[in-house]
Amino acid sequence: MSEATSSPDSVGVVEPQSLRLTLPPGGLRLEKGGVLAEVDVAYERCGTLSPAADNVIFVCHALTGDAHVTGIRPGETQPSGWWQQMIGPERGIDTRHYHVICANIIGGCKGTTGPASINPATGIPYGSQFPEITVGDIVTVHYLLLTQIGITRLAAVVGG
C-alpha cells in the first residue's frame, strides 16, 4: 500500500464500480418520450456504511463531471478527486461518519449510458440518436441505482 493510501487524512483507493440496472418491462421510459432498453451506471463510494445504512450522502456532480469525487484512483499515487478538500476524514463530509456515493449521470461520457454507449437495438453507438434526457431522468436513474445497491434512505444529497 502506498503512503498516500494509508494516510489518516485520505479515503485511500476508491474503486470505480458499474451496475447494469434492472429496468421495468419495456425499458426506462424517459420524460421526453425516449426509451432505453439498457442502462449502465458508473459510480464510486467511500466511507463506512452504518449497519442501518442510514449514513449515506449522495453527491451530485456538475453536468461535466464524473463520479471520482475523492480519493485515489487505482494505479495513481495521489488523491485526484474533484471534491478532495471537502470529502474525507475530518473534512466537511467526514468519511469516518458518512458513506459517500457519487454516480455519473445518464447521457454523460464517463461510464454511464450515454451517446458513446452501444445501442442494443443497432449494435452501434447511439451518437446523435441518444434520446433527450431531463433532470428528472437523471434523478430516476440515480434512484434506481441506490435502491438496487440496497440504499433506501439518504442522510443528505449535496453537490451540483
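A nonpolar core, as I use the term here, is a set of buried Ala, Val, Leu, Ile, Met, Phe, Trp, Tyr and Cys residues joined through side-chain atoms within 4.5 Å. Buried means under 20% relative accessible area, exposed means over 50%, and partly exposed is in between, with a 1.4 Å probe and protein chains only.

The model is predicted: local features need pLDDT of at least 70, side-chain atom pairs count only at pLDDT 80 or more, and totals for chains, interfaces and linings use all residues. Residues are numbered from 1 along each chain as its sequence is written, and side-chain values use heavy atoms, with hydrogens and water left out.

I start with the cores. The largest nonpolar core has 22 residues, and those with the most contacts inside it are Leu 21, Leu 28, Leu 36, Val 39 and Ile 106. Strand E4 (40-46), E5, strand E6 (99-103) and H2 are the elements that give two or more residues to this core. H2 gives the most, with 5 residues. Helices here (H or I, at least four residues) and strands (E, at least two) are DSSP runs, numbered from the N terminus.

Contact means heavy atoms within 4.5 Å. Once neighbours within four places in sequence are set aside, Leu 21 is in contact with Val 39, Val 41, Val 141, Leu 144, Leu 145 and Gln 148. There is also a second, separate core of 10 residues, which includes Cys 46, Ala 67, Ile 87 and Val 100.

Next, the pocket. On a 1 Å grid over the protein atoms alone, a pocket is an open set of points where a 1.4 Å probe fits, with protein on both sides within 12 Å along at least five of seven lines; lining residues have an atom within 4 Å of a point. Grid points are joined across faces, edges and corners, and a volume is the space filled by probe spheres set on the points.

The largest pocket has a volume of about 360 Å³. It is lined by 19 residues, and the closest to its centre are Phe 58, Cys 60, Ile 138, Val 139 and His 142. Two elements give two or more residues to the lining: strand E5 (56-60) and helix H2 (135-148). The largest share, 7 residues, comes from H2. By type, the lining divides into 13 nonpolar, 5 polar and 1 charged. For that count, Ala, Val, Leu, Ile, Met, Phe, Trp, Tyr, Cys and Pro are nonpolar, Asp, Glu, Lys and Arg are charged, and the others, Gly among them, are polar.

Now the charged pairs. A salt bridge is a side-chain nitrogen of Lys or Arg within 4 Å of a carboxyl oxygen of Asp or Glu. By this rule the count is 6. One of them joins the side chains of Arg 20 and Glu 38, at 3.5 Å from N to O. Arg 20 lies in strand E1 (residues 17-20) and Glu 38 in the loop between strand E3 (35-36) and E4, so the pair ties together parts that are 18 residues apart in sequence. Arg 20 is partly exposed at 47% relative accessibility, and Glu 38 is partly exposed at 30%. Arg 20, Glu 38 and Asp 40 are linked in a network of salt bridges.

Another pair is Arg 73 with Asp 66, where the closest N and O atoms are 2.7 Å apart. Arg 73 is partly exposed at 30%, while Asp 66 is buried at 14%. Asp 94 pairs with Arg 96, with the closest N and O atoms 2.4 Å apart. Asp 94 is buried at 8%.

Which residues does Ile 93 touch, not counting residues up to four places away in sequence? They are Ile 57, Met 86, Ile 87, Gly 88, Tyr 98, Val 100 and Val 158. Ile 93 sits in the loop between E5 and E6 and is buried, with a relative accessible area of 6%. Val 158 lies in strand E7 (residues 156-159) and is partly exposed at 26%. Val 158 and Ile 93 are 65 residues apart in sequence and 10.0 Å apart in space, C-alpha to C-alpha.

Last, backbone angles. Most residues other than glycine have a negative phi. Ala 53, in the loop between E4 and E5, has a positive phi near 55° and is buried at 17%. Glu 90, in the loop between E5 and E6, has a positive phi of about 60° and is exposed at 65%.
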